[in-house]
Amino acid sequence: MLDILIIAPHPDDAEFAMGGAILRMKAEGLRVGILDLTDGEPTPFGSKEIRRQETEAATKVLGLDWRSNLGLPNRSLEATLEARAELAGVLRTTRADCIFCPYWEDTHPDHTAATQLIEAARFWAKLTKTDLPGEPFHPQRVIYYFCTHIRKIPEPSFVVDVSEFWERKLAAVRCYRSQLANSPGGATAGLEEQIECRGRMWGWTVGTHYGEPFSVREVLRVADFRAIL
């Protein structure tokens, strides 16, 4: 069973968007897992085997408690009823109180489909009188991370200080060498530099060196004022 489950459309999305936050969660003693919905292939310089090896390496850097892949089709990810049932089953068996998923606005159709799928599966996971595995379970919190292709600066609900974990985050990011290579159209040119610039910018917004932004649709509860000081 997990405390936190990050659900990513492709291997590398979680690391690129919130690798520092994942490392902070682990440092705070939380049980953290990642579920990749697809294998991310095909890509210009990748293969199924290369992506598997890269994912295994990044998983070790992050020190995850659990990681799996739902095996849904890359480039044509859809929020189908079959996929919803599969994902709801994972939510019922991993039983993470908090799940992270992609921000709901993006130009990448896999990312927006993933968000729709996750939100629907969260609802199904609590249903009784079904043939889903495990017992009914409803994750209490959904938090959205930013790994977007839309060229728009988001307005996050909060930013996590990841300064002390930044170099280890980059180590996890660099495991995905096939995705950091320049594509024929230049789409991923300077991707690591982009991650660096964004981290510094979000850190600046909260008065620290590096930060990672997150958003919520539901109101957050504060039980300890020290958490927001």
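Which residues are linked with Arg51 in a network of salt bridges? In this predicted model, the network consists of Asp12, Glu41, Arg51 and Glu54. The total count of salt bridges in the structure comes to 20.

Two pairings of Arg51 were examined individually. In one, the side chain of Arg51 forms a salt bridge with that of Asp12, with an N to O distance of 3.2 Å. This pair joins distant parts of the chain, 39 residues apart: Arg51 belongs to helix H2 (residues 48–62), whereas Asp12 is located in the loop between strand E1 (4–8) and helix H1 (13–27). The relative accessible area of Arg51 is 2%, and that of Asp12 is 6%. Because buried residues are defined by a value under 20%, Arg51 is classed as buried, and Asp12 is likewise classed as buried.

In the other pairing, Arg51 meets the side chain of Glu41 in a salt bridge with an N to O distance of 2.9 Å. Here too, distant parts of the chain are linked: Glu41 lies in the loop between E2 and H2, Arg51 lies in helix H2, and the two residues are ten apart. Glu41 and Arg51 are both buried.

A further salt bridge was found between Arg67 and Asp36, whose closest N and O atoms are 2.9 Å apart.

The crossing of H2 past H5 is right-handed. On the H2 side, the contact is made by Ala58, Val61 and Leu62; on the H5 side, the contributing residues are Arg168, Ala171 and Ala172. Classification of the residues in this contact gives five nonpolar, no polar and one charged.

Methods
Residues numbered from 1 in each chain as written. Predicted model: local features only at pLDDT ≥ 70, side-chain atom pairs only at ≥ 80, totals over all residues. Heavy atoms only, no water. Salt bridge = Lys/Arg side-chain N within 4 Å of Asp/Glu carboxyl O. Helix = DSSP H or I, 4+ residues; strand = E, 2+ residues; numbered from the N terminus. Buried < 20%, exposed > 50% of the residue type's maximum accessible area, 1.4 Å probe, protein only. Left-handed = near helix turned anticlockwise from the far one by under 90°. Contact = heavy atoms within 4.5 Å. Nonpolar A, V, L, I, M, F, W, Y, C, P; charged D, E, K, R; others polar.
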